[in-house]
Amino acid sequence: KELCSLPKETFDLVIAANRLPVDRVVHPDGEVEWRRSPGGLVTAMESVMRGRDGAWIGWSGDPGEAPEPFREDDMQLHPVPLSADEVSDYYEGFSNGSLWPLYHDVIVQPTFKRRWRAAYERINKRFADAAADLAAEGGTVWVQDYQLQEMPAMLRAQRPDLRLGWFNHIPFPPVELFMQLPARESLLHGLLGADFLGFQRKADAYNFLNACRQLLAASVKGDVVRLPDGHATRAAAVPISIDAQAMADLATTPGVKARAAEIREQLGNPEHLMLGVDRLDYTKGIRHRLKAVGELYQEGALDPATTKFIQVATPSRERLEAYQHIRSQVERTVGQINGDHSPIGAPAVTYLHRSFPREEMAALFLAADVMLVTPLRDGMNLVAKEYIAAHDGTGALVLSEFTGAASELKQAYLTNPHDISALKQSIMNAIQAPPDVLARRMRAMRRQVMTHDVQRWAEDFLTNLAAAPERPR
Ligand code: ADP
Ligand code: F6P
C-alpha cells in the first residue's frame, strides 16, 4: 500500500526508439546476456544520453514479455514488449519490409500487407502510452526513426503539455515513391503531432514538406506545416554525427595503435589496405564494391599479394529474405574473388561476419589506408565519419554520393557506386594519391567531423525543438 503511494518516477527527457541501446540475448543454456545493439542510431544516441538523466523507451530485441525497467549509464531503460507475431508484423514486416526499402529508393521491392500496417499502428500506440507514463509535466519526448512515425500524434493526444520531437535516421523519399505507401496520410498526420521534425539532409526535409503539400493539402509556409486545428510543425535538416573526440582518443591509445599494427602484420604488411564496415544490408552497396575490387584484381590494376581488402559485415535482420539473399551474394562473391586471386594462406579479401568491440573497430579504421563506403542510399553513414575521426594524418575515403555524409565530406573521393567503372577509378585515385594530397583532404574532413560532433547535433536538435515552430535565434 505504502509502495503505491510513492510518487512515480518521471523524466524531463524521454527518448523513444525501436530498440534499446542493449540487446537481450538468451543462450541455449538459458543464460541471459545484454549486448550492444547494432546500428548507427545506438552509436549516436548512446553518447547523447550519457550524462543526461533521461529515460530510453525501446524493445529489448527479444520477443515475449518485457524485462523490468533498469538503469544503465545514467539512463533509465524502459523495455517495451513485442510478441513473436509483432516482431514479424511490425518490425520485420511494416518497418523493414515496407518502409525500409521504400525509403531507400526501392532498391528492393517493398511489400505491403494490411496485417503489418495494423501491427505498426498498435505498436506505435504502445510506445506512445509508455512515453505518456514516463514523461514529466512539460517535459520533452524525442522520438527516433521510421519505426515510430505514428507515435507523435498519438502521444500529443494524451499529453498536449509535452514538447515532441522526431528525428529520421534514414532518408525520407520523394513524394513519387512515398505515395505508394497504403498508410501514407496516417504517417504524415502521425509526424505532424510533433513540434519539430529533424532530417539528415535538406532534400529529406523538402521531400516531407512536399508530401504534406501534395497528399494532405496542408498549409506549408517555408519549413512549417500548419494543420486546421492550428498546430504547427517545423521540418528541417539537422545532420547527425558521432562522438568524434571519443573515436579520436580511442585511436590514439597505445593498445589500439598496437592492434592496428598487428592487423597489418597478420595480413602480411600489405602496401595498401582497403576496408569496408557495414551492417549486412542491401542498401550498403557491398556487392558493387566487391565487383569493383574483383575486377581491379582481375585486370592486374591491384596486386592481390600486396593490396588486401577487409570487409566487416554485421549480421542484420537475418530472418528477412532480402537479407538472406544479399548475404549469400556477398559470401559467394568473396569466395570467388579469393578463389580466383588469393595467394596460398593470404586471402585478398578477409570477410568478417560478426560484431566487434569499439576498440577493435578503431584499430581496423586506423589500420586501413582506404575506406570504402559505397551505399546505394544511406541516411548519413556514421562509419565514414568514424574513419575520419580515427585518422590524424593520411588515409583516404571513397564515399558514395548517395549518403548523407557526402553533403559534408566534400574532400572524400566521391563516387557513384552504380557506375562500376567510375567506382574502380575512384578506388585507384584514392590508392595512388600522393601523401600530401591525402593529408590535405583528411585535414579538411577532420575539421568538419571534429567540429560537428554528435553533442553539437543533439544541442542543435533540442534548441530547434524548444523554439519550434519558430526558427531558433
Ligand atoms: P547503420 O545505422 O545503417 O547501421 P551507420 O554507418 O550509420 O549505419 O552506423 C553503423 C554503426 O555500427 C557504426 O557506429 C559502426 O562503427 C558500427 N558497426 C558496424 N559494424 C560493426 C561491427 N561489426 N561491430 C561493431 N560495430 C559495428
Ligand atoms: O538508422 C538505421 C537503423 O535502421 C536504426 O533504426 C536501427 O536501430 C539500426 O539501423 C539497426 O537496425 P535494426 O534495429 O533493425 O537491427
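Helices (H or I, at least four residues) and strands (E, at least two) are DSSP runs, numbered from the N terminus. The model is predicted; local features require pLDDT of at least 70, side-chain atom pairs count only at pLDDT 80 or more, and totals for chains, interfaces and linings use all residues. Residues are numbered from 1 along each chain as its sequence is written, while chains are lettered from A and ligands numbered from 1 in the order in which they are written.

The secondary structure of the chain comprises 17 helices and 18 strands. The radius of gyration, taken over C-alpha atoms, is 23 Å. The globule rule (2.2 Å times the number of residues to the power 0.38) gives 23 Å for 473 residues, so the chain is as compact as a globular protein of that length. The C-alpha trace spans about 70 × 50 × 45 Å along its principal axes. A residue is termed buried if 20 or more other C-beta atoms lie within 10 Å of its own, exposed if 12 or fewer, and partly exposed in between, with C-beta atoms placed from the backbone. Of the 473 residues, 51% are buried. Two residues are in contact if their C-beta atoms, placed from the backbone, lie within 7 Å. Among contacts with a separation of 6 or more, 72% link residues 24 or more positions apart.

In soluble globular proteins, nonpolar side chains tend to be buried together. A nonpolar core is defined here as a set of buried Ala, Val, Leu, Ile, Met, Phe, Trp, Tyr and Cys residues joined through C-beta atoms within 7 Å. The largest such core holds 150 residues. Val14, Ala16, Ala131, Leu364, Leu397 and Val398 touch the most other members. Helix H4 (residues 114-134) provides the largest share of this core, 9 residues. Leaving aside residues up to four places away in sequence, Val14 touches Gly54, Ala55, Ile57, Ala131, Leu134, Ala135, Gly139 and Val141.

Strand E4 (residues 54-59) is mostly covered, with 6 of its 6 residues buried. Gly54, Trp56 and Gly58 point one way from E4, and Ala55, Ile57 and Trp59 point the other way. Strands are said to pair if DSSP finds at least two bridges between them. E4 pairs with E1 in the parallel sense over 4 bridges. Ala55 of E4 is the bridge partner of Val14. E4 also runs parallel to strand E6 (residues 75-79), joined by 5 bridges. In E6, Gln76 stands opposite Ala55.

Helix H5 (residues 151-158) is largely enclosed by the rest of the structure, because 6 of its 8 residues are buried. These are Met151, Pro152, Ala153, Met154, Leu155 and Arg156. Their cover includes E1, H4, strand E7 (135-144), strand E8 (163-167) and helix H7 (184-191).

Ligand surroundings were defined by a C-beta atom, placed from the backbone, within 6 Å of the molecule. Ligand 1 is surrounded by 15 residues, and the closest are Gly40, Thr43, Thr314, Ser355 and Leu382. H2, strand E13 (272-279), strand E14 (307-314) and helix H14 (382-390) each give two or more residues to this shell. H14 gives the most, with 3 residues. For residue classes, Ala, Val, Leu, Ile, Met, Phe, Trp, Tyr, Cys and Pro count as nonpolar, Asp, Glu, Lys and Arg as charged, and the others, Gly among them, as polar. The shell around ligand 1 divides into 7 nonpolar, 6 polar and 2 charged residues.

Around ligand 2 lie Asn18, Arg19, Pro38, Gly39, Gly40, Leu41, Asp145, His169, Ile170, Ser316 and Arg317. Strand E1 (11-19) and helix H2 (40-49) each supply at least two residues of this shell. By class, the shell around ligand 2 has 3 nonpolar, 5 polar and 3 charged residues.

Some backbone features were also noted. Arg317 lies in the loop between E14 and helix H12 (321-341). Phi of Arg317 is near 45°, a positive value in a residue other than glycine. Arg317 counts as partly exposed, with 18 C-beta neighbours inside 10 Å. Val106 is placed in the loop between helix H3 (84-103) and H4. Phi of Val106 is likewise positive, near 45°. Val106 is partly exposed, with 13 other C-beta atoms within 10 Å. A cis peptide bond joins Ala468 and Pro469, with omega about 10°. Pro469 falls in the segment after H17.
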